[in-house]
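This briefing sets out selected features of one protein model for computational work. The sequence and the structure are shown first, and the notes follow by topic.

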Amino acid sequence: VAFTEGFQEVADRIWVARYEWLDVNVTAVGGDRGLLVVDTHASARAARAVVADLRRLGAGEVVAVVNTHEHFDHTFGNGELRAAYGDELPIHAHETAAERTVPAGERIKALYDAEPDDPHREEVQETEVVAADTTFSSAVALDLGDRMVELVHPGRGHTAGDLVVRVPDADVLLAGDLVEESALRHGVPGFGEDCYPFDWPLSLDVVLALTTPGSVVVPGHGAPVDRDFVEEQRNAIGAVAETIRDLAARGVPVGQALELAEWPYPREELAAAVRRGYEQLPRSQKRLPLV
């Protein structure tokens, strides 16, 4: 995995910094009015390095922040960005993500609490969780002066509050964790305890409709990708969803589902996807197993 120092330009006045911890991306979008920063890293301490990198970039002051969803690795730097750029700095997110940021943060702190040897435990624990204060339900446009930036909630997928950021004049789309490239996860999408496996492929259909064959797509983790990569991942996530649906319809118990099917991703990465899928299916699509 190639990590570079600071922000690298991927399109006109769009810079991505890829950080080694969690292979997470922070993106800066430049306009006449200043910088829009998308995602803020996984702790206050880590975000101080982000602020230092932004200042080295020298492309202007930060005028707004966006969180692509509520998970700690995308939101725990919010407070540090406010400390650096002013308490009035607006932080944008989908309304569901904003509502869930503090509870999700408390959950991750509890998980780190149980890992005394984790080198990042202390910095996660000491971070004050700051939720977005400027929210929307389906789509909103932000004015950076000489360019407009669109925030779109394409539907549920990695979480209930996913958003993507589209910069039309540069043909760039920031996909958050709806798209996964990172070698740290072997390119496997993050099917966590708050994912929506049946909604996810449909949400990626909306994402694909916002791109062109020449689009640069920046995932939440890992290297930028193209539209073809997103399409392939959408189809693999769709295969996971259809396999879950088929197993449930045939009456296969949830505890046996992983072992009794072929999957596009390693089984150990899909336990939560299967469990969540079975929970989310209506009763009419499940056949009770014969006892």
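A residue is called buried under 20% relative accessible area, exposed over 50%, and partly exposed in between. Serine 137 has a relative accessibility of 42% and therefore counts as partly exposed. The model is predicted.

- Four bridges connect strand β1 (residues 7–11) with strand β2 (residues 14–19), and the two pair in the antiparallel sense.
- Within this pairing, phenylalanine 7 has alanine 17 of β2 as its bridge partner.
- Strands β1 and β2 form a hairpin with two residues between them, and arginine 13 in the turn has a positive phi of about 55°.
- Strand β4 (residues 34–38) and strand β5 (residues 62–66) are paired in the parallel sense, also over four bridges.
- Valine 37 has valine 65 of β5 as its bridge partner.

- Strand β9 (residues 148–152) and strand β10 (residues 164–167) run antiparallel and are joined by three bridges.
- Glutamate 150 has arginine 166 of β10 as its bridge partner.
- Valine 167 also belongs to strand β10; its relative accessible area is 0%, so valine 167 is buried.
- Between valine 167 and glutamate 150 the C-alpha distance is 6.5 Å, at a sequence separation of 17 residues.

**Aromatic pairs**

- The structure holds four aromatic pairs.
- In one of them, phenylalanine 72 and tyrosine 112 have ring centres 5.8 Å apart and planes at 70°; the pair is edge-to-face because planes over 60 degrees apart are classed in that way.
- This pair links distant parts of the chain, with phenylalanine 72 in helix α2 (residues 72–75) and tyrosine 112 in helix α4 (residues 95–113), 40 residues apart.
- Phenylalanine 72 and tyrosine 112 are both buried.
- Another pair consists of phenylalanine 191 and tyrosine 265, with ring centres 6.4 Å apart and planes at 55°, so it is tilted.
- Here too distant parts of the chain are linked, 74 residues apart: phenylalanine 191 lies in the loop between β11 (172–176) and α6 (200–209), and tyrosine 265 in the loop between α8 (254–257) and α9 (271–280).
- Phenylalanine 191 counts as buried at 6% relative accessibility, and tyrosine 265 counts as buried at 11%.
- Phe72, Phe76 and Tyr112 are linked into a cluster by ring pairs.

**Charged groups over rings**

- Arginine 55 places its charged end over the ring of tyrosine 85, 5.1 Å from the ring centre.
- Arginine 276 has its charged end over the ring of tyrosine 196, 4.9 Å from the ring centre.

**Helix packing**

- Two packed helices are described by the angle between their axes and the distance between the axes.
- For α6 and helix α7 (residues 227–249), the angle is about 160° and the axes are 8 Å apart.
- Helix α6 is therefore roughly antiparallel to α7, a class that holds angles over 145 degrees.
- The crossing of α6 and α7 is left-handed.

**Individual residues**

- Serine 137 lies in the loop between β7 (134–136) and β8.
- Serine 137 and histidine 153 are 16 residues apart in sequence, and their C-alpha atoms are 7.1 Å apart in space.
- Arginine 82 belongs to helix α3 (residues 78–85).
- With a relative accessible area of 13%, arginine 82 is buried.
- Arginine 82 and leucine 142 are 60 residues apart along the chain, with their C-alpha atoms separated by 19 Å.

Methods
Residues numbered from 1 in each chain as written. Predicted model: local features only at pLDDT ≥ 70, side-chain atom pairs only at ≥ 80, totals over all residues. Heavy atoms only, no water. Pairing = 2+ DSSP bridges. Phe/Tyr/Trp six-rings, centres within 6.5 Å; stacked < 30°, edge-to-face > 60°. Buried < 20%, exposed > 50% of the residue type's maximum accessible area, 1.4 Å probe, protein only. Lys NZ or Arg CZ within 6 Å of the ring centre and 35° of its normal. Axes fitted to C-alpha atoms, helices over the stretch in contact; angles between N-to-C directions. Parallel < 35°, antiparallel > 145°, perpendicular 65-115°, else oblique. Left-handed = near helix turned anticlockwise from the far one by under 90°.
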